[in-house]
Amino acid sequence: MTNAIPHPGASGRTNVRYMVQLAVLTAILLVLEFTGIGMIKTPGLEFTVMQVPVIIGAIVMGPAAGGILGGVFGLLSFWECFGKSQFGAALLSINPFLTFLVCVPTRVLMGLCCGWIFKGLRRGYHTPGQL
């Protein structure tokens with residue numbers, strides 16, 4: 001007999017669902033990057049909406065998925081340093097290794113921390129409708 005509610009540690013159908021959700025959120029990140037919708041460029045500043053799929057993945061799927069999606073976001077941010085972003089290109093010309101450290105691990109931590117914060121907040125509530 002199968003469980004009515006799948007849990008992240010289960011095998012079979014749940015792993016397929018987890019991988020598909022992760023793939024869809026990764027595809028959304030890629031679409032945001034390659035269409036230019038994900039980075040809003042203004043003179044001197046760059047704003048991003050690419051953290052939204054990372055945060056949604058961390059909340060819905062857990063901190064590990066948030067970390068994976070954050071890693072994809074970080075790699076895409078690092079990729080932008082090779083010509084798409086003037087600020088990123090300036091950082092890359094100063095020190096490529098530190099630019100990588102600024103781009104990738106911080107985004108991984110963002111996804112992990114969003115998932116951990118959501119889990120911590122959810123533990124404080126006892127009724128299912130609140131969080």
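**Rings and charges**

Me: What is the relative accessible area of Trp 79?
Reply: Trp 79 has a relative accessible area of 41%, which makes it partly exposed. Keep in mind that this is a predicted model.

Me: OK, rings then. How many aromatic pairs are there?
Reply: The count is three aromatic pairs. One of them joins Phe 34 and Trp 79: the ring centres are 5.5 Å apart and the planes are at 75 degrees, so the pair is edge-to-face.

Me: Why edge-to-face?
Reply: Because planes over 60 degrees apart count as edge-to-face, and here the planes are at 75 degrees.

Me: Which helices do Phe 34 and Trp 79 lie in?
Reply: Phe 34 is in helix 1 (residues 13–35) and Trp 79 is in helix 3 (residues 63–80), so the pair ties together parts 45 residues apart in sequence. Phe 34 is exposed, at a relative accessible area of 54%.

Me: And what kind of pair do Phe 78 and Phe 82 form?
Reply: That aromatic pair is edge-to-face, with 5.3 Å from centre to centre and 85 degrees between the planes. Phe 78 is buried at 16% relative accessibility, whereas Phe 82 is exposed at 56%.

Me: Which residues do ring pairs link into a cluster?
Reply: Phe 78, Phe 82 and Phe 100.

Me: What sits over the ring of Phe 73?
Reply: The charged end of Arg 107, at 5.0 Å from the ring centre.

Me: Switching to salt bridges. How many?
Reply: Four salt bridges by count. In one of them the side chains of Lys 84 and Glu 33 meet, at 3.0 Å from N to O.

Me: Where do Lys 84 and Glu 33 lie?
Reply: Lys 84 is in the loop between helix 3 and helix 4 (86–94) and Glu 33 is in helix 1, so this pair ties together parts 51 residues apart in sequence.

Me: Is Glu 33 buried or exposed?
Reply: Glu 33 is buried, at 2% relative accessibility. Lys 84 is partly exposed, with a relative accessible area of 37%.

Me: What else does Lys 84 bridge to?
Reply: Glu 80, with the closest N and O atoms 3.9 Å apart. Glu 80 is buried, with a relative accessible area of 3%.

Me: And Lys 41, which residue does that bridge to?
Reply: Lys 41 forms a salt bridge with Glu 46, and their closest N and O atoms are 3.7 Å apart. Lys 41 is partly exposed at 41%, and Glu 46 is partly exposed at 34%.

Me: Last one: which residues are linked in a network of salt bridges?
Reply: Glu 33, Lys 41, Glu 46, Glu 80 and Lys 84.

Notes. Residues numbered from 1 in each chain as written. Predicted model: local features only at pLDDT ≥ 70, side-chain atom pairs only at ≥ 80, totals over all residues. Heavy atoms only, no water. Phe/Tyr/Trp six-rings, centres within 6.5 Å; stacked < 30°, edge-to-face > 60°. Helix = DSSP H or I, 4+ residues; strand = E, 2+ residues; numbered from the N terminus. Buried < 20%, exposed > 50% of the residue type's maximum accessible area, 1.4 Å probe, protein only. Lys NZ or Arg CZ within 6 Å of the ring centre and 35° of its normal.
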